[in-house]
Amino acid sequence: MKELEGGSITRDTVEEDMIFLGLIGIRDPPRPESLGAVRSCQHAGIIVHMLTGDHITTATAIAKEVGILTSESDPSTSVMTAHDFDRMTSSQIDSLSSLPLVVARCSPQTKAQMVKAIHRRGRQAAMTGDGLNDCPSLKIADVGIAMGLAPSDVARQASEIVLADDNFAAIVAAVEEGRRLFDNLLKFMLHLISSNFAEAIVLVVGLAFIDQEGTSIYPLSAVQILWENLVTSIFPAFGYVNFARDALTVVWDSSPRRGISWIGHRGVLDTAHSIKSSPPTRSSTVS
Amino acid sequence: MGVPPLLTFAVVVYGLGDGNLGIGCNENLNSTCIVVYRARATVFASLTIIILLHAFEMKDTRKSLFKMNLLANRTLFYSVVGGGVALFPTIYIPGLNEVLFKMMGISWEWGLCAASVGFYLVGTEGYKACKRRFWKREHV
């Protein structure tokens, strides 16, 4: 104890005369749903990145298990340590053919850097995380999603969406619902706008039919127009609200909409359409 | 969508009628207005059918109407069928048609209706076919 107070104790002194008792491996396995969820994202044009505080070997193993890394992905470009990533300048990052799918040993800056790099490529980013170190990137991402069993308060505040469980599949369901809504809105607006436009053409061009007294004879009477609008158009519009499963094949086969759509900038519909995400950063649970 | 119904009006009035638009046919039916009233019914019927089919067409911006499962969305299906059925009382119930809707029952004009609906279908399906052929969906 005297030695300890004196501060002269070294690591070598402590690690002397030890007896080997055993080896314990600790593993935080990914959820079984994750693989399917990541696959659906990739099919829908959403690229899943994993930014983790873990060691590169652990990160690679987990990424392979949940399908972020596939047999096709080239390990030399798709896996990177934060050390290498941080050393690159913005223009060097932009000149990469694709952003690394897995970045190990991440710091908060690395995560923010990644979101910015995604933005510079003209894509939108959704970021998931639960810890304090995820906050900067949660904030600058288009959609910040706080998740994990107990996301820290500050992560909740920095996010747009807070998930009650730490299940990546929930995000997939949200994207699915967002795209379905967007698609239904689009169809029903297309229908209403184009049919009203058709009626307008009939009426406006129809003004050209002039009788002997010099008044226009309407090709459609007022009540007929009301009928077209209120009876013929509205009930099918109700039907569009009801599209459910049959619309989904279209939903998953299409790519995210790029940039700002005309329906609304940064609305939930818009961002849900072009969501790009990383699964829960394992760093935060470890550190 | 608006052009074919409009053409039916012109065809009924000028092509097959005498080109006489009558006197005061926006207000009430008199003996000079029979052609106009019949033409209106033709426009109305064809526009209604086109709008209803258009509701089906808008289910998918590429897929052909004839390859869709129209029953998958029952609300949409029944509102289209209902809209089509509701067309007939408005044209044929005496009084309702002439006083309220300012049109008359039609007979041979249904042929024109069918033609304009066909015109619409050819245009829309042609457009969709072009989209399928030349504007491939972007895949990441």
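The mean pLDDT of chain A in this predicted model is 77, and 82% of the residues of chain A reach 70 or more. Where pLDDT is low, the predicted coordinates should not be read in detail.

Let me turn to the sheet in chain A. Three strands of chain A form an open sheet in the order β1-β3-β2, with parallel pairing. Strands β1 (50-51) and β2 (79-81) of chain A stand at the edges, and each has a single partner strand, so one side of each is left without a neighbour in the sheet. Between β2(A) and β3(A), residues 102-104, the parallel pairing runs over three bridges. To give one position, V79(A) has V102(A) in β3(A) as its bridge partner.

I now come to helix α3 of chain A, residues 33-43. Which residues of this helix are buried? They are S34(A), A37(A), V38(A) and C41(A). Seen down the axis of α3(A), the buried residues fall within an arc of 100 degrees, so they line one face of the helix. Their packing partners are two other helices of chain A, α4 (56-66) and α11 (168-206). After α3(A) comes G45(A), with a positive phi near 80 degrees.

Chain B may be described next. Chain B has five helices and zero strands, so that, read from the N terminus, its elements run α-α-α-α-α. Chain B comprises 140 residues, of which 47% count as buried. Taking the contacts in chain B between residues at least 6 apart in sequence, 64% join residues at least 24 apart.

Over all chains, a search of the whole structure finds six aromatic pairs. One of them joins F44(B) and F101(B). This pair is tilted, with 5.9 Å from centre to centre and 45 degrees between the planes. Where do the two residues of the pair lie? F44(B) belongs to helix α2 of chain B, residues 34-57, while F101(B) sits in the loop between α4 (96-100) and α5 (109-134) of chain B; the pair therefore ties together parts that are 57 residues apart in sequence. Are these residues buried or exposed? F44(B) counts as buried, at 0% relative accessibility, and F101(B) is buried as well, with a relative accessible area of 2%. Ring pairs also bring in chain A: W227(A), F44(B) and F101(B) are linked into a cluster.

My last item is S233(A), which lies in helix α12 of chain A, residues 222-241. S233(A) is buried, with a relative accessible area of 1%. Which residues does S233(A) touch, not counting those up to four places away in sequence? Within chain A, they are H191(A), L192(A), S195(A), E199(A) and E228(A). From chain B, S233(A) touches I51(B).

How values were computed. Residues numbered from 1 in each chain as written. Chains lettered and ligands numbered in written order. Predicted model: local features only at pLDDT ≥ 70, side-chain atom pairs only at ≥ 80, totals over all residues. Heavy atoms only, no water. Helix = DSSP H or I, 4+ residues; strand = E, 2+ residues; numbered from the N terminus. Buried < 20%, exposed > 50% of the residue type's maximum accessible area, 1.4 Å probe, protein only. Contact = heavy atoms within 4.5 Å. Pairing = 2+ DSSP bridges. Arc of directions from axis to C-beta. pLDDT = per-residue confidence, 0-100. Phe/Tyr/Trp six-rings, centres within 6.5 Å; stacked < 30°, edge-to-face > 60°.
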